[in-house]
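Here are some notes for someone opening this entry for the first time. Please read them with the structure in view.

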Amino acid sequence: MPPLHEGEPLNKDEVTLLRRWIDSGAAAPENEQPERDPLDHWSFRPIERPNVPHVNNQSWVRNPIDSWIAQGHERQGLFPQQEASRIVLLRRLYLDLIGLPPTAEEIAAAEADQSSDWYEKVVDRLLSDPRHGERWGRHWMDVWRYSDWWGLNAQLRNSQRHMWHWRDWIVESLNEDRPYDEMVRMMLAADELAPNNPQELRATGFLARNYFIFNRDQWMDEVVTHVSKGFLGLTMTCSKCHDHKFDPLPQEDYYQMRAIFEPYHVRTDMVQGETNLTQDGIPRAFDGVLDAPTYLYVRGNEAQPDKSHTISPGVPGMFDFAELDVQQVSLPEKAWQPGQREWVLNNYLSTAQQRLEIAKARRDEIADRLQSSNSSIASAGPASNYSPLVESFDTLDLSLWEVSGDGWRHTPGKLQQTLDGKKRYELTFTGPTPQDFDASLRFSLEGGSTYRSVGLDFDVANNKSKVVGNEPGTFSYVYLSGWQRDSKVQGAFSQQGNSQYPAEARKPFSPELGREYTLNVKVRGTLINVFVNGEHLVAWHTPLPRKPGTIRLMTFDALATIDEFKLTSLDPAYPMISPQGQSPQGMEDELQLAEADLRVAQAEFDSVSLRVLATRAQNSADASHVRTDARKAIKAERRLAVEKATRDVLKAEQHFANSSEKTRGASQKELDEAKNKLDAARKRLKSEIAAEDIFTPFVGARWSATRFQNTGKDDPQISFPSKSTGRRSALARWITDRRNPLTARVAVNHLWNRHFATPLAPAPFDLGRNSPEPVHPEIIDWLATELMENGWSMKHVHRQIVTSATYRMSSSVKQREANELIDPDNRYWWRRNPIRLESQAVRDSILYLAGTLDETQGGPSVPTDQQAQSKRRSLYFFHSNNERNLFLLTFDEAEVTECYLREQSVVPQQALAMTNSDLVLGSAESISGRISEVNHGDEDFIRAAFKTILGIHPDEEELSASQAALEAWAQLENGSTADARSNLVWILLNHNDFVTVR
């Protein structure tokens with residue numbers, strides 16, 4: 001933003017001072033030099049292949065990269081460090097190129113290879129390994145700001161669902177060595193360049209990721225900012241409010257760039273095999289508002305658009321190698337009418353067929369269940385002579401109730417629990433309890449820290465009974481929970497103190513504090529029916545066998561008032577509700593509805609089939625059957641409407657029959673409305689089909705709704721135009737034009753940075769005049785020409801970098817102490833910098849060494865709540881602004897908003913994670929076992945452990961200390977050789993060298 005008082009008029013003193021200076025001759029400072037032409041800045045000059053310098057240390061040089069590095073050494077009086085050992089180089093290459101350490105077998109094979117090109121063979125093999133795309137895919141996902149969706153609860157506000165399709169496209173493209181320029185073009189404009197190719201459309205996830213539901217200006221700002229930073233190394237965002245302070249970028253350039261993107265919106269395209277776009281789909285860009293205007297904001301203020309003229313799309317005027325050549329793109333029909341795509345039609349046919357089969361199976365299942373239902377939910381036993389209990393707590397009779405835990409406070413007519421916290425407080429009934437019972441607990445929930453649970457246990461061991469019952473800690477129970485994250489009624493059971501909470505015994509329910517509730521539990525055999533305030537919520541079979549026991553009231557982390565408890569034997573004639581949710585009459589009703597659903601499913605299948613035929617006829621060259629097929633499709637849709645209305649009438653009739661006096665009026669209204677809709681549907685079915693009538697087209701894509709106008713409702717629907725502006729494809733061609741001085745330079749600087757953890761140009765996102773110039777700009781230019789002249793092949797650049805002597809140097813400072821005095825920061829690359837492994841590589845390496853890493857490639861992101869148990873590569877974890885894995889965060893996880901450089905930190909939490917996490921503790925034993933399988937003796941085990949875990953050969957001191965530790969651990973009480981070896985592995989995993997690339 002501009003300084004606060006910028007643009008204000010000069011005051012009198014300032015004007016006087018200027019006048020005096022002018023009157024005195026306006027003398028300039030001595031030796032003042034005019035500013036250098038901004039376009040003469042190193043990164044703004046055209047890219048030319050630089051001449052490779054001749055150096056004295058020619059024997060050290062392996063490729064031209066080393067010549068410039070050696071030139072720097074000689075000018076600074078530095079001597080390059082020796083080449084790292086073979087095992088160190090091997091670990092460096094593996095972690096760098098595929099993100100996983102070499103196996104013991106791979107180390108042995110490389111160390112045994114005596115050929116002169118052993119190193120180059122490893123490089124070629126790793127670059128061809130499909131894991132290379134995963135490793136470097138994560139690097140580029142940092143740069144391109146990959147993020148899964150986030151928002152508020154289920155509302156999507158940022159990015160898009162199913163962004164993993166873009167992630168998979170990145171990985172696949174890198175493995176195929178797809179040209180970098182082509183990748184850039186596809187990410188910016190695949191919808192214009194390959195509009196009917198779903199595989200290519202995945203690339204525009206780069207743009208879909210910037211979606212923000214509420215604010216178009218923020219959305220557009222992020223696009224302009226990160227297209228310019230990520231591909232051009234320009235900080236165009238600095239010219240949003242005013243002319244750029246360092247680079248020749250006037251304010252209008254920012255808005256010209258924005259105008260390129262102004263028309264685009266985001267939609268989700270259907271994929272093969274799934275019609276539910278919430279379940280899967282390809283998030284992608286499209287130009288939705290072709291004539292959307294762009295205005296310059298005065299001082300960058302969104303509230304002050306200068307509407308005196310519209311800003312045209314354009315690129316920075318400082319580069320004159322080419323104009324932005326915008327040509328409007330006419331899209332294929334199926335690109336803007338995706339419902340006509342063949343796989344979309346097949347999806348709908350398949351879904352309709354599946355629904356029909358499900359409806360048939362459900363009808364048959366209900367019919368079979370109805371035949372056998374009476375015996376399973378009705379009692380054949382005699383009525384119990386149990387005397388009903390009504391406890392109103394006028395007094396607290398301690399001969400009937402055993403109090404457990406503090407916090408119980410009794411006053412006439414109520415019993416209160418005044419303590420919360422994660423502890424049970426119990427009130428055990430000591431009187432007789434019927435086997436099949438009907439119990440009611442009337443209470444109010446007053447508060448609690450978290451879980452706020454009140455309920456009752458049954459079949460609780462009764463110490464006063466002579467009958468053998470359950471073991472202590474074994475019982476079934478039902479409770480109501482007011483936990484804000486998961487409020488519910490839950491059936492559960494405890495076995496020897498270990499509780500289980502079956503999903504089928506859970507029903508969402510949100511109690512209000514201070515309101516009175518009656519929890520009614522009816523039990524016959526193992527079948528439990530639960531009601532709250534008379535509403536049936538749960539029907540469930542406890543898996544525990546019924547044994548004699550008593551009933552116990554309980555609270556858990558709840559402040560509650562208990563007003564009344566009733567207990568009686570269950571009436572043998574009472575029709576219990578089965579776990580399927582129906583009484584006998586209810587099951588009859590359910591069967592009728594299932595048969596109606598089946599008729600609807602059949603009509604829907606017929607309708608979809610005819611709509612598909614009509615759609616295909618529209619797309620065929622033969623137009624003779626178009627109208628006939630369309631009329632059939634229209635008629636089938638009308639028949640479907642009749643079947644749906646008929647089913648709704650049946651449902652309304654059942655609601656009316658089961659309604660109470662209180663709800664009868666509403667049920668009657670529902671029934672009348674359903675009958676009216678049925679009459680209308682029947683009338684429409686009999687009516688003639690008019691010329692203007694059409695059948696419902698299939699939906700093949702869905703616009704990602706915005707709320708720019710009103711945060712409470714969606715903006716008006718945006719359709720899919722038949723044309724696209726062509727602006728983004730024009731920009732993509734301009735960015736990847738070989739005459740563009742920035743694109744290739746930015747790309748190779750990113751590649752160098754991820755290999756060395758230090759970029760050649762210090763700020764990869766800013767190659768402009770505000771950033772320090774690189775020590776070796778010639779290397780950037782040479783790599784840039786190599787990239788472009790070799791088909792924009794990134795693997796070619798990787799090969800040039802990793803086969804250089806610069807890359808192969810040791811990271812040690814031994815025997816090069818004099819260099820440290822001259823160049824302590826290693827700006828001239830006289831040694832290799834040790835690199836701290838980033839989060840994904842740390843976690844993946846642990847699992848890989850343990851043999852538990854799931855190397856399945858691609859697919860949906862692993863949800864946060866499944867990540868602790870998941871063995872997938874970390875690349876596949878759900879990663880958003882709101883949800884990032886805690887272990888990965890500890891080890892410098894990528895920032896979601898911007899991550900052009902991955903931080904390298906050393907903090908105590910990292911040591912704690914490596915020491916105590918389940919991941920490390922569980923993997924240490926597995927790693928030890930794998931090494932022990934082929935290394936039986938302690939010395940062999942130690943050598944193998946150091947080699948596979950740390951990538952080093954232990955020296956005699958390390959070997960001796962490790963042997964002594966193994967012996968000491970094995971001799972501990974309950975110690976063993978296996979435990980001792982696991983301990984050693986655990987220690988090596990906590991060694992600094994495990995999380996460091998030397």
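1. The largest nonpolar core holds 161 residues. Trp144, Phe231, Phe261, Leu731, Trp734 and Ile949 are the members that touch the most others in it. Helix H3, residues 86–97, gives this core its largest share, with 8 residues. Bear in mind that this is a predicted model.

2. Leu731 shows what such contacts look like. Leaving aside residues up to four places away in sequence, Leu731 touches Val227, Met257, Ile260, Phe261, Val315 and Leu324. One of these partners, Phe261, is itself listed among the members of the core with the most contacts to other members.

3. As a general point, nonpolar side chains in soluble globular proteins tend to be buried together.

4. Next, a sheet. Three strands form an open sheet in the order E4-E3-E24, and their pairing is antiparallel. Strand E4 (282–287) and strand E24 (701–703) are the edges, each pairing on one side only. On average, neighbouring strands of this sheet are turned by 35° against each other, direction ignored.

5. How many bridges join strand E3 to E24? Strand E3, residues 264–269, is joined to E24 by 3 bridges, and the two run antiparallel. Thr268 has Arg702 in E24 as its bridge partner.

6. Another antiparallel pair is made by strand E1 (residues 150–152) and strand E2 (residues 155–158), again over 3 bridges. Leu152 stands opposite Gln155 in E2. The hairpin of E1 and E2 has 2 residues between the strands, and Asn153 takes a positive phi near 55° there.

7. His162 has a positive phi, near 65°. His162 sits in the loop between E2 and helix H7 (164–175). Is His162 buried or exposed? His162 counts as buried because its relative accessibility is 10%, and the cut-off for buried is under 20%.

8. Asp892 also has a positive phi, near 60°. The loop that holds Asp892 runs between helix H25 (886–890) and helix H26 (908–916). With a relative accessible area of 9%, Asp892 is buried.

Technical notes
Residues are numbered from 1 along each chain as its sequence is written. This is a predicted model: local features need pLDDT of at least 70, side-chain atom pairs count only at pLDDT 80 or more; totals for chains, interfaces and linings use all residues. Side-chain values use heavy atoms; hydrogens and water are left out. Two strands pair if DSSP finds at least two bridges between them. Helices (H or I, at least four residues) and strands (E, at least two) are DSSP runs, numbered from the N terminus. Buried means under 20% relative accessible area, exposed over 50%, partly exposed in between (1.4 Å probe, protein chains only). A nonpolar core is a set of buried Ala, Val, Leu, Ile, Met, Phe, Trp, Tyr and Cys residues joined through side-chain atoms within 4.5 Å. Contact means heavy atoms within 4.5 Å. Axes are lines fitted to C-alpha atoms, for helices over the stretch in contact, and angles run from 0 to 180 degrees between N-to-C directions.
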